[in-house]
Amino acid sequence: MNPLVAYLTVAAMLFAIGLAGALTRRNAILVLIGIELMLNAANLNLIAFWRYGPHPEALTGFMFAIFSIAVAAAEAAVGLGLVIQVHRHAHSTDLDAMNRMKG
Amino acid sequence: MSIIFYLVSALTLVGGLAAILLKNTVHCALALTVAFAGLALLFLSLDAQFVGFAQILVYIGAVAILVVFAILLTRGSETPKDGVYSRHWHTGLVIAAAVFAVLGWAVLQSVRVLPYETKTPQVTVMQIGNALMSRYVLPLEIVALLLTAAMIGAVIVAMHDKNGKESAK
């Protein structure tokens with residue numbers, strides 16, 4: 001079996017798991033966990049393509065994955081800060097209860 | 001493919017599944033840590049040592065801890081009475097299955113045309129540093145700016161402002 005295909009399949013499964021989590025859970029923190037899983041699946045794709053691509057010495061996919069990790073960390077910090085503020089305001093992190101744009 | 005790849009992949013996928021299926025939110029965060037560790041092992045098995053260790057430091061060391069803090073601050077570990085899944089979970093599941101079907105179809109269709117190099121790339125930290133300081137110096141600076149802005153923004157968003165009610169009047 002082509003190892004690249006194996007890694008891509010694992011990444012596709014992980015992405016689908018993350019998407020299912022982000023779309024089905026009602027707790028906002030669990031939705032953020034699903035988004036983190038999806039970002040990680042994308043990183044796995046980048047690294048697998050870098051490793052089995054024609055020019056691994058160019059470090060392109062490698063650098064993309066490093067920058068992607070940094071952006072994901074920033075996203076997690078801002079997202080969780082927002083969840084804490086929403087909880088302080090609405091006393092709930094239940095996304096089904098968030099049906100107003102204006103507080 | 002080696003048996004180690006299958007074991008690590010199974011660990012990652014089971015961790016991810018547990019992270020979205022478990023009822024207790026704290027258990028979900030711990031399962032998420034397992035998934036992150038499995039991904040770090042996958043990166044190491046792909047000869048990307050730097051990314052693997054960055055994954056451990058950033059995700060297990062920072063993001064997982066941040067998630068646990070957020071869960072405890074919002075008292076999210078209490079299981080709600082009306083279930084942990086949203087009202088429209090059927091739709092979400094169907095969308096996720098459809099996305100997985102499309103991705104899997106694309107991967108399987110492209111088996112014959114995918115590039116496949118067997119030689120192991122030799123990447124030293126010095127090469128990474130040189131690349132970051134020469135070719136990728138502009139993205140590096142932008143990421144530094146983004147991280148600073150995100151840090152300040154997260155603090156401002158989550159800050160408890162006592163004068164907020166007075167200024168709103």
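**Close-up views of a predicted two-chain model**

**View 1. Q55(B) and its contacts.** Beyond its neighbours within four places in sequence, Q55(B) is in contact with I69(A), F36(B), L39(B), A40(B) and F43(B). The model is predicted. Q55(B) sits in helix α3 of chain B, residues 49–73. Is this residue buried or exposed? Q55(B) counts as buried, because 28 C-beta neighbours fall inside 10 Å. L41(B) lies 14 residues from Q55(B) along the chain. The C-alpha atoms of these two residues are separated by 9.4 Å.

**View 2. Helix α1 of chain B, end to end and side to side.** The helix runs over residues 3–21. An α-helix has 3.6 residues a turn, so residues three or four places apart point the same way.

**View 3. The contact between chains A and B.** Chain A brings 65 residues to the contact, and chain B brings 68. On the side of chain A that touches chain B, α1, α2 and α3 (60–90) of chain A each supply at least two residues. Which helix gives the most to that side? It is α3(A), with 20 residues. By class, the chain A side has 45 nonpolar, 13 polar and seven charged residues.

**View 4. The largest nonpolar core.** This core holds 71 residues. The members that touch the most other members are A11(A), I29(A), I33(A), L44(A), I47(A), L32(B) and V67(B). From chain A, the elements giving two or more residues to the core are α1, α2 and α3. From chain B, they are α1, α2, α3, α4 (89–109) and α6 (137–158). The most comes from α2(A), with 16 residues. In soluble globular proteins, nonpolar side chains tend to be buried together. Leaving aside neighbours within four places in sequence, A11(A) is in contact with A41(A), L44(A) and N45(A).

**View 5. A28(A) in helix α2 of chain A.** The residue lies in α2 of chain A. A28(A) counts as buried, because 23 C-beta neighbours lie inside 10 Å. Which residues does A28(A) contact, leaving aside its neighbours within four places in sequence? They are V83(A), V86(A), T93(A) and L95(A). I66(A) is 38 residues from A28(A) along the chain. The C-alpha atoms of A28(A) and I66(A) are separated by 26 Å.

**View 6. Two loop residues with positive phi.** Most residues other than glycine have a negative phi. L59(A) has a positive phi near 65°. Its place is the loop between α2 and α3 of chain A. L59(A) is buried, because 21 other C-beta atoms lie within 10 Å. D47(B) also has a positive phi, near 65°. This residue is in the loop between α2 and α3 of chain B. With 17 other C-beta atoms within 10 Å, D47(B) is partly exposed.

**View 7. Chain B as a whole.** How many helices and strands does chain B have? The secondary structure comes to seven helices and zero strands. Along the sequence the pattern reads α-α-α-α-α-α-α. Chain B has 169 residues, of which 22% count as buried. Of the contacts in chain B between residues at least 6 apart in sequence, 56% join residues at least 24 apart. Chain B is divided into domain 1 (1–79) and domain 2 (122–162). The C-alpha centres of these two domains of chain B lie 22 Å apart.

Terms used: Residues are numbered from 1 along each chain as its sequence is written. Chains are lettered from A and ligands numbered from 1 in the order in which they are written. This is a predicted model: local features need pLDDT of at least 70, side-chain atom pairs count only at pLDDT 80 or more; totals for chains, interfaces and linings use all residues. Helices (H or I, at least four residues) and strands (E, at least two) are DSSP runs, numbered from the N terminus. The expected span of a helix is 1.5 Å times one less than its number of residues. Two residues are in contact if their C-beta atoms, placed from the backbone, lie within 7 Å. Ala, Val, Leu, Ile, Met, Phe, Trp, Tyr, Cys and Pro count as nonpolar, Asp, Glu, Lys and Arg as charged, and the others, Gly among them, as polar. A residue is buried if 20 or more other C-beta atoms lie within 10 Å of its own, exposed if 12 or fewer, and partly exposed in between; C-beta atoms are placed from the backbone. A nonpolar core is a set of buried Ala, Val, Leu, Ile, Met, Phe, Trp, Tyr and Cys residues joined through C-beta atoms within 7 Å. Domain bounds come from an automatic or database domain assignment.
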